[in-house]
Structures are given as C-alpha cells and as structure tokens.
Amino acid sequence: MSARPSPHHPPACFLIVIADVSPAVSQSTDAGGEMQDESGKAAPGSPAVDGATAQNSPHLNGYTVAQNGHNPTATPASPPQVESPCTSRAPTPTVTIPREQWDGKYEFLLSCIGYCVGLGNVWRFPYLCYRNGGGVFLIPYFIMLFVTGVPLFLMELSLGQYGAAGPITVWKCCPLLKGIGIGMLCVSTLVCLYYNVIIAWTFYYLGSSFQSPLPWSCEAIVNAALCGNNTSGNSSAGKTLSPTEHFWNERVLGVVNSEGLHDPGPVRWPLALCLLAAWIIIFLCMLKGIRSSGKVVYVTATFPYFVLIVLIIRGVTLEGSLKGITFYLKPKWSQLANAQVWNDAASQIFYSLGIGVGGLLSMASYNKFDNNVIRDTLIITIGNCSTSFFAGFAIFSVLGHMAWKKGVLVEKVADTGPGLAFVAYPEALALLPGSVFWSILFFLMLFMLGVDTLFGNMEGITSAVMDEFPQLRGNTLHKSLFLGALCFCFYLMGLLLVTDGGIYWFTLIDSFSTSFGLIIITLFMCIGISFFYGVNQFCQDIIDMICHCPPWCTKMLLYFKACWVFFTPFLLLLILTYIFIEMYNTPLHYGKYVYPRWGKALGVCMGATCCLQILIWAIVAISKETGTLKDRFQKSIRPLNSWRVNNLNNTGRTEERVEPERVEAPFTVTLTDMDFTAMRWEMGSEA
C-alpha cells in the first residue's frame, strides 16, 4: 500500500492486524480458545481482534484494516510522529514452564518397576496361583499379560511420553475423552486413600519386630494361654485364635470391638500415628518431585529384590520347604475350564501393573521424547511378572516349613491378602532361628514395596493438577503447600480406616476401587486411541519417538496394533461381563461378616463415580462445539493444536514444529485516499 501523503486530506492513523495466511484447514476452538485441526497437526494460533473494531473493519487480501474510530473525512490532525497515540503495547508472550525430566533412564525404569512390583506380588499372586491350579495358572496369567497387560501398558507409556502431560491434559489428543483422565484421578485417589493404611500396618509390625521374643510368637508370655491350646488352624474354621491372629485382630485392628460397617468405633491412635508417619515420609520423598523420588527409588526398588533372594535361599534350606513349593506349583489341568481362573489372571495383571490409574502415564511424561518406550515396556512388564512368580518360592517355602513343623497340610496355613502378609507369614517367621532379624527384614521389604507403589499413584494426582494449574509447577512454595495439603487431606480421610471397624471400610474400598470402574476406563482408553485418535497415527507417533526404530520394534507394533483394535477390547468386555455377573451373585464379606446391601451399593457407587466421568466430560466437550450433533462429535475428537507442540523435551526436532511467521503485535501505518479508492475498486470488482 502507498504511504504517500495526500494533498487533499491529512493522514489518519489506522491499526493494521495481519492475519496468518496458511492453507485452509477445518478448525474449531475449544473453551480456552485453542484451535483444533482435522489433521491433528499444530495449527497456528489466530490473533485476537477487538470485537468493536473488527465489526466495522473492511477486509483486503487477508488484511484487517481497523480505523480506530477515525474516518477519511476526520478533522485535521497533526502529522504522524514516531510514537503514535494509536499505537498499542505488544501483548506479553505466555511463559511456558519447562517440564522436569528424569536425570537418567534408570530412574524411570526403577520408578516404574517399583510402582508395579508392590504388595500384590507378595501376598496376592502366590495365593491365586495355588488356588487356581498351581502351575496351570501361569498359562492364563501369561496369556492375559501379553494380550491385555503389555499392550495397555505400552499405550499408557506412549501416550504420556508423546504428550508430555499428566492424565488429564494429555487428552488434548481427543478432547471428547478427557473424562478418562478425570476417572483415572478418581481411581488413584481411592487407591492412595487405603494403600497407605497398609504401610501404617507395616510400620506397626516393623516397630513390634524389635521386641524379643516377637509379640505374636508362642515364646511371648502373653501368648502362653493361646499356645497352650495347641491350636494350629484359622479362626474361620471355628477354632481358637492363634497368637498371630490374636495380635492381628485385637492388638492391631481392634476388629473384635466392632460389629460391622455401621460401627467404626474410635480411632486406634497407635495406628493413626503410624499412618501420620507414613504420609510424612511420602511428603518428604516427593517434595522435590521426580528430583527427589527418582533418587529414593534406587533404594526402595532394589532392596525388596535383595530381601526376596535372601528369603528364597533361607526358605529352600528348611525342612518341609519342598512340600510348600510342590503345593504352590502342582498343576491341576481341570482348572483351565473354570472362568474364575481367567478372571483372576486378568485382575492380577491389572492389579500388579497399575494400568488405568494414571501413575504410568505421569511417570512417562517426564521421559525424553526419543526414549525407546517399547523396550521399557517389555523390561518392566516381564520383570514385574517374573518377580511375582519368584516371590511365590519365598512365601511357600517358609509356609511349607510351618506346615511340616505343625504336622498339618499346607492349605491349612495358607491365606490371602492381608492375612498372608500379617498372619500366616509372620507366624512362619516366628518359628525360624533368629526370628527377630527375619521379621525386621520382611516388614522392611513390605514398607519399600508399598512406598514405591504409592509414589506412582501420588505422582498421577500431582502431575494432573499441576498440568491444569501450571503456576504451581513454577512456584516451589506453592507446590510444597499443595503437596502438604494433599497428604494431610488423605491422612484425615484415612483415619476412618484405622478405627476399630476400619478393616471393613478398607475391604470395601479395596474391592470396588479397582473393579469394574477401572476396566471401563481402560476399555474406553483403548477404544478411544484406536478408533477416535487413530491406531495408525498412534503407531506413527511411537515410531517418531523412537528415532531409529529397529526392525523388531516395527514388527512388534503390528502385533500391538492387532491387540489394540481387536483382542484387547474383546477380552476387556468379557472380563467386564464376568465381573458384573459375579458382583450380582456373590456377596461381599470379610471373614464371617457379610456386608449389608447398602454397603455393597456404596461400593458400586464408588466404581460408578470413576467411570461416569467419561460420560459427563464427553457431554461437556460436545456442548462446547457448534453445529449439528455429528459436527460437534467430529470436532470434539480432533486433537487440539497444542497436542503436538506441547512436548518441549524434543529439543532435537524443533525444526519440524516451526510455525509460519506472523506479526504478534499491532503496528501503525499511514493510509491515504488512494488506498481507500483501491480498496473500494477491489471490493467492487470482487462483487
């Protein structure tokens, strides 16, 4: 345009906003003003234009001309100066707080292994193995591992690493499914609520283990009357309580003072202090984020393996140990036709790997962009399941010795869940020479296993919140206050679980927090990535992350693609159907106590609250769009423009994400009558 002064009219000041000239793509805007494009690529942002100005502004060849309230026949004005009164200050650019990264790949691997290898590997897998056919259980277990566990594990790690965001923000790849991230947050909250109570129990036993003789052994004076009855069975069989059961039920839980779910009773303050100590330790370990927790896992993730090796060596040298190992692995081939066996195998995979809770996704978000996520998936999943298998030798070799010493069958001394970790195994340890040492070692191992898993669950919650409120991440004081408030709230809510009837509430939350709600969340995650985001695009994203993808990685992606599209959703639907049938037909109980209907209904509401987030936030996402219902749906499944540019860790590929140049601030020029004459001529010719 001409900038010459007109001899007839003095110059007037105009604001020129240059619009980005780029290839036309179908775009939509979310609530925060972010633009979505159909291809999912980074769409350039459009400058904000004042509504009143833009309303009366003519358009010329992609330029918006704003007259700032003047017109060509305005009163005479002084010639333009260097600083024009209509000049606007340039908008302040948004400062992006860089995301933390692991100091090394071993920190990530150890954190994930510590997160997956938890208490379930020690007290749940060995029991499920002997209950469901011994060695035969390994067949459905590994089938479920490679058809559901490994594919979903890889999906969650890849999603977090590529998006470099927590469980909620990462769903910029498909805004319709943001509720999956909210649901993960709900599940993780329930798990954190009851999981640290287990650590509190472990603390109580660990402190009691420094007494000699052990307070749950027959050598203790207080147990002389109990041991004099020569009882060897469980109270559930109608026999007198053994010393370990007496210590667990009366001194630790106080459950004998409660009638059920409706009668929680007073808080047991020794346990409350142990719970407070557990939350203080979690707070201190996570105070500096992955900078601190990444160093702690070097001890907490490796120490349990040392203890397991020591226990296995000690266990196999005991009399009767082979009897316990035979009971653990003896195959019962008829069990393969039992649907319960396959359901137990699938539930153990989910319980052990921590899929669908958000912890894996959050920890992967701190990875470097080019980390080989397929290699890490295989190492972590196979390592976790191998740990479960070998932990069975440490458990049943000692239980076999206890059965031999008491002259009973192994199934008479075997138990599951907390009963195995806090009743059966401590009783077996009390029979060993140097029982105090072995007890301290065992409960220290349980503490390490529990803390590692809680790190991952807490990281899923904190990263989700900090991604939604980035100012917390940049302010150390605010971040510390948030983490402290979060831990304190969990402590207050957890006090219900350390009352006399707390074990009833613990069992209720444990049974329903990771039940059908978790399966529905992972099912929608699998379907959403495969069919809404696009399984081919997702596989390409994984290849993009692995700079030089080896041939074996490409071949494995073909297998994973088939699982994500066909096999995994199909098996998840079967598992979900079985869970609903079993939940309807089987009453929930703890020991002899059968839960009332309102208690079971409360548990169902817990699971439903988690999975209903998917529907609620899908409705919100669709309502924010415009057009017909079909148009709204199509727009809500398109990635936001910040999805692929969100990853600031990919420093080596910044040239692939360079946006077209555009003017970021308004500026002033001087127009003349010739410009408006040319404008009217062009507009007339276009008409």
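Modeller: The protein chain holds 25 helices and eight strands; helices (H or I, at least four residues) and strands (E, at least two) are DSSP runs, numbered from the N terminus. This is a predicted model, in which local features need pLDDT of at least 70 and side-chain atom pairs count only at pLDDT 80 or more, while totals for chains, interfaces and linings use all residues. Residues are numbered from 1 along each chain as its sequence is written, and side-chain values use heavy atoms, with hydrogens and water left out.

Of the 687 residues in the protein chain, 54% are buried. Buried means under 20% relative accessible area, exposed over 50%, and partly exposed in between (1.4 Å probe, protein chains only). Among the contacts with a separation of 6 or more, 83% join residues 24 or more positions apart; contact means heavy atoms within 4.5 Å.

Now the packing itself. Two packed helices are described by the angle between their axes and the distance between the axes. Helix α16 (residues 418-430) and helix α17 (residues 435-468) have axes that come within 9 Å and cross at roughly 150°. Axes are lines fitted to C-alpha atoms, for helices over the stretch in contact, and angles run from 0 to 180 degrees between N-to-C directions. The two helices α16 and α17 are therefore roughly antiparallel (angles under 35 degrees count as roughly parallel, over 145 as roughly antiparallel, 65 to 115 as roughly perpendicular and the rest as oblique). The crossing of α16 and α17 is right-handed; that is the word if the near helix is turned clockwise from the far one by less than a right angle, and left-handed is the word if anticlockwise.

On the α16 side the contact is made by Ala421, Phe422, Tyr425, Pro426, Leu429 and Ala430, which meet Ser435, Trp438, Ser439, Phe442, Phe443 and Leu446 in α17. By class, this contact has 10 nonpolar, two polar and no charged residues. Here Ala, Val, Leu, Ile, Met, Phe, Trp, Tyr, Cys and Pro count as nonpolar, Asp, Glu, Lys and Arg as charged, and the others, Gly among them, as polar.

Glu427 also lies in α16. Glu427 is buried, with a relative accessible area of 14%. Leaving aside neighbours within four places in sequence, Glu427 is in contact with Trp216, Ser242, Thr244, Met402 and Lys406.

Helix α15 covers residues 373-406, and Phe393 lies in α15 while Tyr328 lies in helix α12 (residues 321-329). The rings of Tyr328 and Phe393 have their centres 5.7 Å apart and their planes at 85°, so the pair is edge-to-face. Rings of Phe, Tyr and Trp (its six-membered ring) pair if their centres lie within 6.5 Å; planes under 30 degrees apart count as stacked, over 60 as edge-to-face and the rest as tilted. Tyr328 is buried at 0% relative accessibility, and Phe393 is buried at 17%. This pair ties together parts that are 65 residues apart in sequence. The structure holds 47 aromatic pairs.

Helix α13 (residues 339-353) and helix α22 (residues 551-585) pack at an angle of about 110°, with their axes 10 Å apart. That makes α13 roughly perpendicular to α22, and their crossing is left-handed.
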